[in-house]
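Here is a short briefing on one protein chain. Look at the structure first, then read the points below.

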Amino acid sequence: MMRDYTADARELHTEITELRHRLHSHPETGNDVPWTQSVVLDALAGLDLEVTKGTGSTSVTAVLRGGAAPDGERPIVLLRADMDGLPVQEETGWEHASQRAGFMHGCGHDVHTSSLVGAARLLHARRDELPGDVVFMFQPGEELLTGAPIMIAEGVLDAAGRRADRAFGMHVFSSIFPAGTWSTRPGPIMAASDSLTVDLVGKGGHGSAPHLANDPVPVMAEVISAIQTVIAKKFAATDPVIINVGVASAGEARNVIPERCHLDMSIRTFSDGARDRIEQVLPALVEGIASAHGVRAEMVYARGVGPTVCDPEQAAFAERVIRGVVGDRYFELESPLGGSEDFSEVLNLVPGAFIAYSGVPAGTDLADTTYNHSATAFFDDAVLPEAMAVYATLAHEALDELAAS
């Protein structure tokens, strides 16, 4: 019989909603979120937790010791929520909108943080039933994809005394998923995130005499076009590569041939094989085009986080738990999402799963929603009780299963 936290979560709805509103109205960005950290610490105060603060970031790690742990090695489950916002001016018109100009919780991390606080309270109330320990990972810096690596380096995965046995993270979405739905999948669920910056250096001159210069602008255009061709012809559609040229700049005057052009692009892949191959193919492509035109290519290829990959057994476990909480509103995600997550670094070291759920208000047409990171992205408070219940049930059921094995 699966544990049922639904009724208890509903009782916390008002309190956790108020916490979410506080967090939403005061977003902070990056790895330095001191106000958010203090709010989380206050919200956890009074619970019997072993709490530590990060030194490389303003993270919070809290360990709950279960009172029904078996003799010998104690099972350990980690639950993670990210805390940072975005440098976006909120335009939702919501009464609890950001009070900080130019900053917004446009990715729902305020929902994650408040939900995990709620889950900590739910599990704490039943701590005498827990056959093991729970690590609550409150992480800043997810939008930079650096917060999880910092916390891992500081020992979050071993915070309960040894490496966690399982790890679960969740993410709310303001669009694409119908209201009330939940999903995950075995294998890759989100992409690796790498980058390539390119400076194409030619020979500047007067726009009226291009034959006396070596214009890098057409070379830049050829590179941009060739990138899309090489993806289509060199990589299988079943193991996709996504490249976005987000910055393409050249010159400042219409009658001047610039000396150099600048490109900055993001590279998303879903397997180690595609990731390794694009790192070889893409710079070679740029170098070949530049060389053909007598232009110098200065490049920096930087690896970020790897793909977020759900352990198949833990994805199946998460499905069973979520179905037990939300019923037939669960579905298996057919394809990975193109975004990236530094929770991937946790799942590289601990078997677990990453879970997606909808924050779309009931009755809303998806055509009228905007995606995460939009200035008008909106996440409904109504999702909070189920998010709390799913977090808590995942931890409790996983501990039960580990203790019995």
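A polar contact is a pair of N or O atoms within 3.5 Å; within protein, one atom must be able to donate a hydrogen and the other to accept it. Keep that cut-off in mind for threonine 308, whose side chain has a polar atom 3.5 Å from the backbone oxygen of glutamate 341. The model is predicted.

- Helix H10 covers residues 384-404, which makes 21 residues.
- At 1.5 Å a residue, H10 should span 30 Å.
- How many of the 21 residues of H10 are buried? The count is 16, so H10 is largely enclosed by the rest of the structure.
- Helix H2 covers residues 13-25. The axes of H2 and H10 come within 10 Å and cross at roughly 100 degrees.
- Angles from 65 to 115 degrees count as roughly perpendicular, so H2 and H10 are roughly perpendicular to each other.
- On the H2 side, the contact is made by His13, Ile16, Thr17 and Arg20. On the H10 side, it is made by Leu384, Pro385 and Met388.
- By class, this contact of H2 with H10 has 4 nonpolar, 2 polar and 1 charged residues.

**Aspartate 110, in helix H4**

- Aspartate 110 sits in helix H4, residues 109-125.
- Is aspartate 110 buried or exposed? Its relative accessible area is 0%, so aspartate 110 is buried.
- The side chain of aspartate 110 makes a polar contact with the side chain of arginine 20, at 2.7 Å. Arg20 of H2 also takes part in the contact with H10.
- Not counting residues up to four places away in sequence, aspartate 110 touches Arg20, Leu23, His24 and His105.

**Isoleucine 322, in helix H8**

- Isoleucine 322 belongs to helix H8, residues 312-326.
- With a relative accessible area of 0%, isoleucine 322 is buried.
- Which residues does isoleucine 322 contact, leaving aside its neighbours within four places in sequence? They are Trp182, Gly327, Tyr330, Ile355 and Val390.
- Isoleucine 322 and glycine 187 are 135 residues apart along the chain. Their C-alpha atoms are separated by 18 Å.

**Threonine 308, in strand S13**

- Threonine 308 lies in strand S13, residues 308-310.
- Threonine 308 is buried too, with a relative accessible area of 0%.
- Leaving aside neighbours within four places in sequence, threonine 308 has contacts that include Gly187, Pro188, Ile189 and Met190. Glu341, Ser344, Leu347 and Phe354 are also in contact with threonine 308.

**Two loop residues with positive phi**

- Most residues other than glycine have a negative phi.
- Leucine 145 has a positive phi, near 60 degrees. It is in the loop between strand S4 (133-139) and helix H5 (147-153).
- Isoleucine 176 also has a positive phi, near 65 degrees. It is in the loop between strand S5 (166-173) and strand S6 (182-184).
- Leucine 145 has 18% relative accessibility, so it counts as buried. Isoleucine 176 has 41% relative accessibility, so it counts as partly exposed.

Methods:
Residues numbered from 1 in each chain as written. Predicted model: local features only at pLDDT ≥ 70, side-chain atom pairs only at ≥ 80, totals over all residues. Heavy atoms only, no water. Helix = DSSP H or I, 4+ residues; strand = E, 2+ residues; numbered from the N terminus. Expected span 1.5 Å × (residues − 1). Buried < 20%, exposed > 50% of the residue type's maximum accessible area, 1.4 Å probe, protein only. Contact = heavy atoms within 4.5 Å. Axes fitted to C-alpha atoms, helices over the stretch in contact; angles between N-to-C directions. Parallel < 35°, antiparallel > 145°, perpendicular 65-115°, else oblique. Nonpolar A, V, L, I, M, F, W, Y, C, P; charged D, E, K, R; others polar.
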